[in-house]
Amino acid sequence: MKVGIDKLHFASSHLYVDMAELATARKEAPDKYLIGIGQSKMAVIPPSQDAVTLAANAAAPMLTAEDIAAIDLLIVATESGVDNSKAAAIYVAQLLGLDRRVRTVEMKEACYAATAGVKLAQDHVRVHPAKKALVIGTDIARYGLHTPGEPTQGGGAMAMLISAEPQVLALADDSVLLSQDVMDFWRPLYHTTALVDGKYSSNIYIDYFQDVFKTYLNEQQANIADFKALTFHLPYTKMGLKALQSVLPLASETQQAALLAHFEHARQLNRQVGNLYTGSLYLSLLSLLLTDASLAADDLIGLFSYGSGAEGEFYTGRLQPNYQLGLDQGLPQRLARRRRVSVAEYEQLFNGQLALTAADQTIDIADDPHRFVLVGQQNEQRQYRDQWL
Ligand code: HMG
């Protein structure tokens, strides 16, 4: 029995800031952001969206009544949690109208946790093949205005339905993991923005990829030539390019060119969104599958997941014949329709998040076209709304 990703659907904001404009405002050369970092646009997440609403907005459009009846496990992976105790997954299950008899948990390990979710869901479905699991990676990447990490912000959520006989990607049981205590990026409880040793984190990322990928090749007696494409967690798209380049000497010249060409497809959508932490690898997978016409059934795809702190995993999946049916086909058009905000508006929205105080608060949702929105806080409880009701 095959188990894997049956459907993939993405949600982010309807707003973005242009990276060349941001570079100019920060007195940097535009090419530093466009080429050196590899980002063209950055999603600007308004105060009316948080990890919960992004997750619900990502999952709702792809779920049929039949899916909802079959889901008995919901994993929400996030490092942008909205409560120190209650799982974001409980709010998400309620907004999506999932059954009350669903196991709902939130998982955390920086950008890696959605991969833990996918692999746990894979095992769950293997044991319960009639059931489906919903895994959502949802985050808002925040480093702060005028910080070196600023051009690597962004946000969004990737929802994945894991099932038996999946439409998109049948997952193998071949993971190689690496988990060690590394202080490359973290966010103490009293901070709303991440602390990061940027250069160090980028070096650790490469070290982890080298370690798990080469161990994978040894353990599986595999060759880089077996892969149609390699996909990466993309905190900024140049990071994935550097990781890919670090193993290209293992490939023939022809395959090097092919892997680089596939990578351009795999970073196309991430380039327009920025980092979305847990969902980033899976947005890159979706980007590859939506934009690369040269893929075919049975192609072997490699996935490198990395979360600071640090944990890495390399695993693989095989493309299924009808994979296009499980994809968020409208995504490129939705990204193209977003509204461009000025740097001043982006800064205002960045600073307009729900304040971390006990006071009642109201958020202006007039400009937010998404179905699920955060409308404020009352009696120290977050207030969500389904705008379709
Ligand atoms: P920086 O110091 O501003 O940038 O920080 P830089 O001076 O290193 O320049 C960046 C690149 O632009 C360099 O290329 C420059 O040469 C190039 P590289 O040498 O790296 O190949 N450049 C230019 N290129 C073309 N034309 C120009 C030009 N000028 C310069 N005119 C940094 C960059 C990424 C470190 C910073 O933005 C940062 O700290 N970001 C956050 C940390 C991060 O994303 N780390 C990635 C690995 S860790 C990870 O992936 C986990 C994470 O997602 C969190 C989680 O797990 O939850 C972050």
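## The ligand shell in a predicted model

The shell around the ligand takes at least three residues from each of domain 1 (3-170 + 328-386) and domain 2 (171-323), with bounds from an automatic or database domain assignment. This is a predicted model: local features need pLDDT of at least 70, side-chain atom pairs need pLDDT 80 or more, and totals for chains, interfaces and linings use all residues. Residues are numbered from 1 along each chain as its sequence is written, and side-chain values use heavy atoms, without hydrogens and water.

Biologist: How many residues surround the ligand?
Modeller: A residue counts as near if one of its heavy atoms lies within 4 Å. Glu 79, Cys 111, Pro 148, Lys 242 and Ser 308 are the closest. The shell divides into 14 nonpolar, 10 polar and six charged residues, with Gly counted as polar and Cys and Pro as nonpolar. The total is 30 residues.

Biologist: Which element supplies the largest share of the shell?
Modeller: Helices (H or I, at least four residues) and strands (E, at least two) are DSSP runs, numbered from the N terminus. α2 (30-37), α7 (198-219), α8 (237-247) and β13 (300-307) each supply at least two shell residues. The largest share is five residues, and it comes from α7.

Biologist: What is the distance from a ligand oxygen atom to an N or O atom in the side chain of Lys 242?
Modeller: A polar contact is a pair of N or O atoms within 3.5 Å. The side chain of Lys 199 has an N or O atom 3.1 Å from a ligand oxygen. For Ser 201, a side-chain N or O atom lies 2.9 Å from a ligand nitrogen. For Lys 242 and a ligand oxygen, the distance is 2.4 Å.

Biologist: Which peptide bond is cis, with omega near 5°?
Modeller: Look at the loop between β13 and β14 (311-319), where Ala 310 lies. The cis bond runs from Gly 309 to Ala 310.

Note on methods: A polar contact is a pair of N or O atoms within 3.5 Å; within protein, one must be able to donate a hydrogen and the other to accept it, and residues adjacent in sequence count only if both atoms are side-chain atoms.
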